Each structure stands twice: as structure tokens, then as C-alpha cells.
Amino acid sequence: LMVQRRKQFRKIFIVVDMSAGASARDVLSGIFKFVNAGHPWSLRLVQLPGESLKQSASGPIATEADGMIVTCEPDRESLAVIAKTDIPTVFVDVRHPEFERKAGRVAFVRNDNEGIGRAGAKYLANLGNFNSFGFVPDIENRTWSVLREQAFRNELNGRGFEVRTFGEGSPRLTDDRKRLIEWLKDLPKPAGVMAAFDFRATQIVDACSEVRIRIPEQIALIGVDNDE
């Protein structure tokens, strides 16, 4: 019986970026609930940044894993491994040409990023009269951020409003903060601003606090991810 149970177990590699905060935790929570419901999976977390799929597998991934769940854009080494393997793989809101070309044994689960952007625009537009609207994207301008910004802009443009996008983001936090502060100061107040995700929204809150821009009186701010 024990031998039979071992044979039934499936080893699943999960590639996850824990720095993504609530969104990463929510995905993992869903996977854990599935396993705890009695499904015979043995999980191996590959946590980015800092770890790669190639380093995590002692041999070829195809001989070690029965499947993969990829929840973030991987590093180059991991990307190469994933692109070559033909084991069943689920991509959770991940877009890349190498993955799009994979044939068979692949599933894509995607957020409605355009719907998220439209919802943010509608919410802010219905709050009242703003003198300007702004969008603060992910620093790396990843696809999900771009799609949210485009939908946010299109919805407000369709209502007759212009949208200013913070386009000077920098991976150097001190530079990014200075540029963000100047951008926020230049927005005609009151302004309605959407951040691509909640961590970016907290950076906006900190920047506003530093230069005494009042939230929500001068800037009404909305983020994404329900990160408490």
C-alpha cells in the first residue's frame, strides 16, 4: 500500500517570485488548499529572485518533475529550462514568446489586466471632479503593467480625460523616489492616480508624505492586489 501511494504522488515544481507580495502568497495559498484537499502532490518551491530552476534540479528537470507551475517571469537560466522541457506546465499570468510557442501540455491562466485597468479608471472617474489623472507603472514595465496602463488610459480618454503616465521610473530607489516626487508635485490637484500594484502604491504614499501632498484630498490613490 505504501509503495502504491508513493507511485501516485506527483512532484510539482513551483516557480514563484516571493517579492511580489500578496499576489504570490495568494497563488501559493490556492495551491496549498488543492494539495491539502487530498491531491497527491509533492511540492518543490523555486523562489525568485535568488534561486533558479536549473540550480534546484539535481539533474534534467524532465526526470525530476511531473509538472510545473510558473507564477512569475523567470530568470534567464530558468527560462531556458522551461522553454526546452515538455512536461505539463501551467503559466499563471506569465507571458513570454518562448512559452507562447510551446505546443501541447501547456495551460495559461491569466488575470484580466485590461479589465483591472478599466475598473480602476471607472472607479476614479466616478469619485468626482479631478483636474488630472495619472498612472504609475511597474518599474520594469512588465506586460501586465503595460496592459493595465493602456486600459486605464483608453477608458479615461473615452470619457474625455487625459492621463499622465510616470515614465521616469528607475531601479535605483533613491532616483526613483526623487523622480516620483517631482511627477506627483506637477500633477494638477486634485488628481486621481492608479498604481500598477500595491507595492508601487505604498511608494506613492511615502512620496506624498515627504512633500506633504494630502491623500485623498489632493491625490486619490488606488492600487492592485488587495495587499493588506
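Among contacts in the chain between residues at least 6 apart in sequence, what percentage join residues at least 24 apart? In this predicted model, the figure is 63%.

Here is the chain as a whole. It holds ten helices and nine strands, and its C-alpha trace spans about 70 × 35 × 30 Å along the principal axes. Of its 228 residues, 41% are buried. The accessible surface is about 12900 Å², with 49% of that belonging to carbon and sulfur atoms.

Now to a pair of helices. α9 and α10 pack with their axes 9 Å apart, at an angle of about 65°. Because angles of 65 to 115 degrees count as roughly perpendicular, α9 is roughly perpendicular to α10. Their crossing is right-handed. The table shows who meets whom.

| Helix | Residue range | Residues in the contact |
|---|---|---|
| α9 | residues 173-186 | Leu173, Asp176, Arg177, Leu180, Ile181, Leu184 |
| α10 | residues 198-210 | Arg200, Gln203, Ile204, Asp206, Ala207, Cys208, Glu210 |

By type, the residues of this contact divide into seven nonpolar, five charged and one polar.

Is Ile215 buried, partly exposed or exposed? Its relative accessibility is 33%, so Ile215 counts as partly exposed. Setting aside neighbours within four places in sequence, Ile215 is in contact with Val205, Cys208 and Leu221. Cys208 also belongs to the α10 side of the contact with α9. Finally, Ile215 and Pro190 are 25 residues apart along the chain, and their C-alpha atoms are separated by 9.7 Å.

Terms used: Residues are numbered from 1 along each chain as its sequence is written. This is a predicted model: local features need pLDDT of at least 70, side-chain atom pairs count only at pLDDT 80 or more; totals for chains, interfaces and linings use all residues. Side-chain values use heavy atoms; hydrogens and water are left out. Axes are lines fitted to C-alpha atoms, for helices over the stretch in contact, and angles run from 0 to 180 degrees between N-to-C directions. Helices (H or I, at least four residues) and strands (E, at least two) are DSSP runs, numbered from the N terminus. Angles under 35 degrees count as roughly parallel, over 145 as roughly antiparallel, 65 to 115 as roughly perpendicular and the rest as oblique. A crossing is left-handed if the near helix is turned anticlockwise from the far one by less than a right angle, and right-handed if clockwise. Contact means heavy atoms within 4.5 Å. Ala, Val, Leu, Ile, Met, Phe, Trp, Tyr, Cys and Pro count as nonpolar, Asp, Glu, Lys and Arg as charged, and the others, Gly among them, as polar. Buried means under 20% relative accessible area, exposed over 50%, partly exposed in between (1.4 Å probe, protein chains only). Accessible areas come from the Shrake-Rupley method with a 1.4 Å probe; for residues, only the protein chains shown count as cover.
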